[in-house]
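Work through the exercises below with the structure at hand. Try each task before reading its solution.

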Amino acid sequence: MSTFTPFEEKMESAGIPAAAIKAFSRCYEALVSNHSGMIPETDILPADQVADWQEITASTPAADKDLISQCVCIKLNGGLGTSMGLQKAKSLLKVKGKDTFLDLIVRQVKHLRSVSGTPVRLLLMNSFSTSADTLAYLEKYADDGFADPSQVELMQNRVPKILADGLTPAAYPEQPELEWCPPGHGDLYPALLGSGWLDRLLADGVKYAFVSNSDNLGAQLDMNFLRWFAESGAPFVMEVTRRTEADKKGGHLAVRKKDGQLILREVAQCPEADIPEFQNISKHRYFNTNTLWIRLDALKEILDANGGVLPLPMIRNSKTLNPRDPESAPVYQLETAMGAGMECFPGARAVNVPRSRFFPVKTTSDLFLLRSDAIAVDESGKVALAPEREGKTPIVDLDSKRYKLVDSLDGLGLPSLIGLDKLTLRGRFHFQDGAILQGTLLMENGSEETKEISPGIYAGA
């Protein structure tokens, strides 16, 4: 019979807070009991009662100084961007000239402080991999109070990897750090509780948390929406946006039939037979942007009622103990998702936001677009489509073999994309200054030589 005791002892000896140990214990129990976590199509309905962001913000006055002072901006900052060849915090990647994600995030918060006259808090949920780099970079903002870890850092916990054979803690004496893994961004809740930040914020009169990914610069605290959120009485609001064909494999919003509760369904929770319906974007129309608004007092009540644990669905990932050694022992890494917290808050709501609030950078194609003139950044750090785009985001599809890593963009150059509809690039290219891409373009180069694109207008259909 598998027992949690060895995990508890390992986590306690590593100084992991009790809240994180309890959360991991719940996930481990789900693993041992072989709980599938499946959500069949017959148990849900499409989510149709979704409010509209633009209607809300147009009809609601801006939050006043007192309300803004009750809000904290939390950015998930635990990612390294390894899929793009980075070995440091992804938020330190340059995205506009010399400005990194982190520079623009700080600029956004400084703007909120200046217009509201209140010391709006910024909390960065760092991981063990990103903490040192991030705090070192923030030294440049020491005079503004952004460099003190006791004021800006919320540390993500870590959890043990589990041997698939026997469900015991994995051991790897030659590299002990490989015995641990991140617990997913669902760790936000036990991290807030276990670190003392939740009680500290509430004691300071901070009641509302605005949470988003550090690589999504479109997600900014909106003062009209903050007022609506405060007056709505909703304990939890998720920003969602319409799914497209490109999003059909990602999770979607749904309504649980038995109690009418809004929930998220990820593909890992969908039975194989229901995949066609899962991918039906006309039926299940909305996906989670991972931008949330949370009432901290409501979170505290729910945690207290559940013994300090938010009952989130467990996500099981099958890996090898050493990710670089496919012959190393098979392990499970257990995660939870922050957005799945929606089902723990009775009265949770979803709001359909425009794509302008969703600019994640997951690939070099995303970064290439963000760096271009199709995306504008103003003095306040606000990131938006250039006005000429009229709300329509260009599509960029770079050659994944040639341009998978961030460094590869250095030799590509940066053409004007302001008039672009879609660019498909295959092969090696270099865009000289003054190259202007318009319409829908397929550019191919079958040779190993870099093809130079001279200044001028290149227009497709």
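**Exercise 1.** In this predicted model, find the bridge partner of V237 in β18, then find which residue stands opposite V237 in β15.

Solution.
- Step 1. Look at β18: V237 has R349 as its bridge partner there.
- Step 2. Turn to β15, where W293 stands opposite V237.

**Exercise 2.** State how many bridges join strand β12 to β18 and to β15, and in which direction each pair runs.

Solution.
- Step 1. Between β12 and β18 (residues 349-352) there are 4 bridges, and these strands run parallel.
- Step 2. Between β12 and β15 (residues 286-295) there are 7 bridges, and these strands run antiparallel.

**Exercise 3.** Is strand β12 mostly covered or mostly uncovered?

Solution.
- Step 1. Locate β12 at residues 236-242.
- Step 2. Count its buried residues: 6 of the 7 are buried.
- Step 3. β12 is therefore mostly covered, with buried meaning under 20% relative accessible area.

**Exercise 4.** Describe how helix α1 packs with helix α2.

Solution.
- Step 1. Take α1 as residues 5-13 and α2 as residues 18-32; their axes lie 11 Å apart, at an angle of about 155 degrees.
- Step 2. Angles over 145 degrees count as roughly antiparallel, so α1 is roughly antiparallel to α2.
- Step 3. The crossing of α1 past α2 is right-handed.
- Step 4. On α1 the contact is made by F7, E8, M11 and E12, and on α2 by A20, I21, F24 and Y28.
- Step 5. Sort these contact residues by type: 6 are nonpolar, 2 are charged and none is polar.

Conventions:
Residues are numbered from 1 along each chain as its sequence is written. This is a predicted model: local features need pLDDT of at least 70, side-chain atom pairs count only at pLDDT 80 or more; totals for chains, interfaces and linings use all residues. Side-chain values use heavy atoms; hydrogens and water are left out. Axes are lines fitted to C-alpha atoms, for helices over the stretch in contact, and angles run from 0 to 180 degrees between N-to-C directions. Helices (H or I, at least four residues) and strands (E, at least two) are DSSP runs, numbered from the N terminus. Angles under 35 degrees count as roughly parallel, over 145 as roughly antiparallel, 65 to 115 as roughly perpendicular and the rest as oblique. A crossing is left-handed if the near helix is turned anticlockwise from the far one by less than a right angle, and right-handed if clockwise. Contact means heavy atoms within 4.5 Å. Ala, Val, Leu, Ile, Met, Phe, Trp, Tyr, Cys and Pro count as nonpolar, Asp, Glu, Lys and Arg as charged, and the others, Gly among them, as polar. Buried means under 20% relative accessible area, exposed over 50%, partly exposed in between (1.4 Å probe, protein chains only). Two strands pair if DSSP finds at least two bridges between them.
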